[in-house]
Every structure is written in C-alpha cells, then in structure tokens.
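Subject: Structure handover

Hello,

Here is the structure we spoke about. Please look it over, then read my notes below.

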Amino acid sequence: IGPGLAFPYFDGRGRLALTRIKPDQPPISKKGNKAKYLTAQNAGNRLYMHRTLPPGWHEDIDLDLIITEGEKKALKATQDGFPCIAVAGVWNFSTKNAKGQSIALADFDDIAWSERTVYIAYDSDLAVKPEVLKAEQRLAETLSKRGRVLGALGRPVV
C-alpha cells in the first residue's frame, strides 16, 4: 500500500478494535474509484473513540460530547479541549443485524447518553447535500432515544 496515516479504533474499554488506513496514494478500484480509506474486509462500522478523550468521558454525562464525521476532525477537536467522537462516514452510525435490519452500532451502548448534551457537527456540505442533512437527522433520531441531541448551532435537532 505504501505510506499513509493509520487511525486506530478503540472500543469503550480502550481495546483496539480495528485500524483504518488513509493511504497517501489511494488505490483505484476496478470501477475507477479511489479508495480514500482502507479497512479490513468485514471489519464493520465502529465509532471512532480515541484514547486522547478525557478519562471517564463515556460515563460523565456532565461532559458535553461532539459527534463529527471523520477521525481527523475528532482528534483535532479533542486535542483542542472539545471531547469528540466520530463516524467514518455520515451514514456509518448503524449496521445490519442478522435479519438485515438497520440498527445502531453496539459502540453506542458503551456511552452514557441520558441527560448528556450531544452536538452533531457534520461537514458544512449538509447545506447543499440533502443526503448529508438526512443522515444527520437520522443520527439525531437514533441518539434522541438515549439523550439530548443538539445540532451544530446548539439548537435541538429533534
């Protein structure tokens, strides 16, 4: 593959779950698409919850939490004092169960959500891409069953 960035994904207990690679020279698929990120086959979707988050963050409901799209943004936000986790893509907050139904990622179960303020801060392209806005709203619906969810501007999303 060559040089690139490696993003380790940890579970709620801090154990390595998988690693995504962002190659400097993305390989091109048979369909002609660039593979911006590479993940092991059948690794599934996970939340990006890096070890640089404050100790006990997942249980501290008084600690506001940001959810964004992409590992680099989550790392930078956390580095700057804004605890942030990420989805690998705007729709990557769910997976399929054995019946083929869409369900929330199990990683959500490792986080205390009740009464926690959560900000969804997807990319600004949601203003021009209806699918991104729809994904943000669906994530908000998923989380609203667990806690209080706010949009990027601090307004309730649902």
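The count of aromatic pairs is five; a pair means rings of Phe, Tyr or Trp (its six-membered ring) with centres within 6.5 Å. The rings of phenylalanine 108 and tryptophan 113 have centres 5.8 Å apart and planes at 55 degrees, so this pair is tilted. Planes under 30 degrees apart would count as stacked, over 60 as edge-to-face, and the rest are tilted.

This is a predicted model: local features need pLDDT of at least 70, side-chain atom pairs count only at pLDDT 80 or more, and totals for chains, interfaces and linings use all residues. Residues are numbered from 1 along each chain as its sequence is written, and side-chain values use heavy atoms, with hydrogens and water left out.

Phenylalanine 108 and tryptophan 113 are both buried (under 20% relative accessible area, 1.4 Å probe, protein chains only; exposed is over 50%, partly exposed in between). Phenylalanine 108 has contacts (heavy atoms within 4.5 Å) with Leu47, Phe93, Trp113, Leu139, Leu143 and Arg146, leaving out residues up to four places away in sequence.

Helices (H or I, at least four residues) and strands (E, at least two) are DSSP runs, numbered from the N terminus.

Two charged ends sit over the ring of tyrosine 37: arginine 20 at 4.2 Å from its centre, and lysine 22 at 5.4 Å. The rule is NZ of Lys or CZ of Arg within 6 Å of the ring centre and within 35 degrees of the ring normal.

Now the hairpin. Strand 1 (residues 4-10) and strand 2 (residues 16-23) pair antiparallel over seven bridges; pairing needs at least two DSSP bridges. Five residues lie between these strands, and glycine 14 in the turn has a positive phi of about 85 degrees. Aspartate 11 is in that loop.

Best wishes
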